[in-house]
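This report is a first guide to one protein model. Please look over the sequence and the structure before reading on.

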Amino acid sequence: MNKELIDQLISIRRQLHQFPELGYQEYKTAELISGELKKRRIDHKTGIAKTGIVATLKKGEGPCVVLRADMDALPMQEETGLPFASTREHVMHACGHDVHTTMLLGAASLLQTKDFNGTIKLVFQPSEEGTNNDPENKSGGQRVMESGELEGARAAVARRTRWRAPSRAANATMPTTIPASTSERNAATP
Ligand SMILES: [Zn+2]
């Protein structure tokens with residue numbers, strides 16, 4: 001990955017981190033993602049599952065594969081003291097969705113210049129953390145599936161980061177650490 005792309009991704013991640021939004025309210029997040037996709041001339045549809053985005057990279061008639069990231073933040077108070085800490089009270093990217101979204105934009109940039117035979121759908125999924133007042137009590141994942149956008153896909157891949165950041169649940173007094181997953185990062189990393 002070249003230095004220019006790395007710098008772009010660090011900047012995107014920090015912007016996302018500073019302006020976290022809860023499930024189905026990811027309007028600014030969607031705007032930022034859509035802007036980045038436009039800059040890269042990648043076709044995409046907005047408003048999927050309310051605030052989600054599905055972008056498509058198609059090269060040839062081969063099979064369709066889905067890469068997915070989640071967009072929403074958690075109702076938590078950030079206490080990292082980082083220069084790019086959340087600017088919003090009691091809302092924080094404490095679960096790494098800012099990183100997941102950034103990684104998917106990075107993958108889009110890299111895949112765009114690679115040869116492959118098929119279609120890659122890049123799914124930016126809203127409301128992963130729950131149903132967040134959805135009138136039908138549906139999560140973002142459920143709504144994306146119901147949108148029909150992923151019809152015919154052979155496989156779907158997602159990745160999670162692990163996050164250890166000083167934070168507090170919105171209604172808790174004890175510091176907390178977000179649990180588990182496949183890899184680990186630190187609040188101080190880009
Ligand atoms: Zn999460």
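## Strand S8 and Glu-78

Arg-168 has 17 other C-beta atoms within 10 Å and is therefore partly exposed. This residue is found in strand S8. Although Arg-168 and Glu-78 are 90 residues apart in sequence, their C-alpha atoms are 6.7 Å apart in space.

Ala-169 also belongs to S8, a strand that covers residues 167-169. Ala-169 counts as partly exposed because it has 16 C-beta neighbours inside 10 Å; a residue would need 20 or more to be buried. From Ala-169 to Glu-78 the separation is 91 residues along the sequence and 8.9 Å from C-alpha to C-alpha.

## Confidence of the model

The model is predicted. Over the protein chain the average pLDDT is 90, and 88% of the residues score at least 70.

Where does pLDDT stay under 50? This is the case over residues 173-188, a stretch for which the model has 28 contacts beyond four places in sequence.

## Overall make-up

The protein chain contains 4 helices and 9 strands. Read from the N terminus, the order of these elements is α-α-β-β-β-β-α-β-α-β-β-β-β.

Of the 190 residues in the protein chain, 35% are buried. Contacts between residues at least 6 apart in sequence can also be sorted by separation: 70% of them join residues at least 24 apart.

## Helices H1 and H3

Helix H1 spans residues 3-18 and helix H3 spans residues 97-112. The two pack with their axes 9 Å apart, at an angle of about 150 degrees. Angles over 145 degrees count as roughly antiparallel, and H1 and H3 are therefore roughly antiparallel to each other. The crossing of H1 past H3 is right-handed.

Which residues of H1 meet H3? On the H1 side they are Leu-5, Leu-9, Ile-12, Arg-13, Leu-16 and His-17. Their partners in H3 are Asp-98, Val-99, Thr-101, Thr-102, Leu-105, Gly-106 and Ser-109. Sorted by class, the contact of H1 with H3 consists of 6 nonpolar, 5 polar and 2 charged residues.

Notes:
Residues are numbered from 1 along each chain as its sequence is written. This is a predicted model: local features need pLDDT of at least 70, side-chain atom pairs count only at pLDDT 80 or more; totals for chains, interfaces and linings use all residues. pLDDT is the predictor's confidence in each residue, from 0 to 100. Two residues are in contact if their C-beta atoms, placed from the backbone, lie within 7 Å. Axes are lines fitted to C-alpha atoms, for helices over the stretch in contact, and angles run from 0 to 180 degrees between N-to-C directions. Angles under 35 degrees count as roughly parallel, over 145 as roughly antiparallel, 65 to 115 as roughly perpendicular and the rest as oblique. A crossing is left-handed if the near helix is turned anticlockwise from the far one by less than a right angle, and right-handed if clockwise. Ala, Val, Leu, Ile, Met, Phe, Trp, Tyr, Cys and Pro count as nonpolar, Asp, Glu, Lys and Arg as charged, and the others, Gly among them, as polar. A residue is buried if 20 or more other C-beta atoms lie within 10 Å of its own, exposed if 12 or fewer, and partly exposed in between; C-beta atoms are placed from the backbone.
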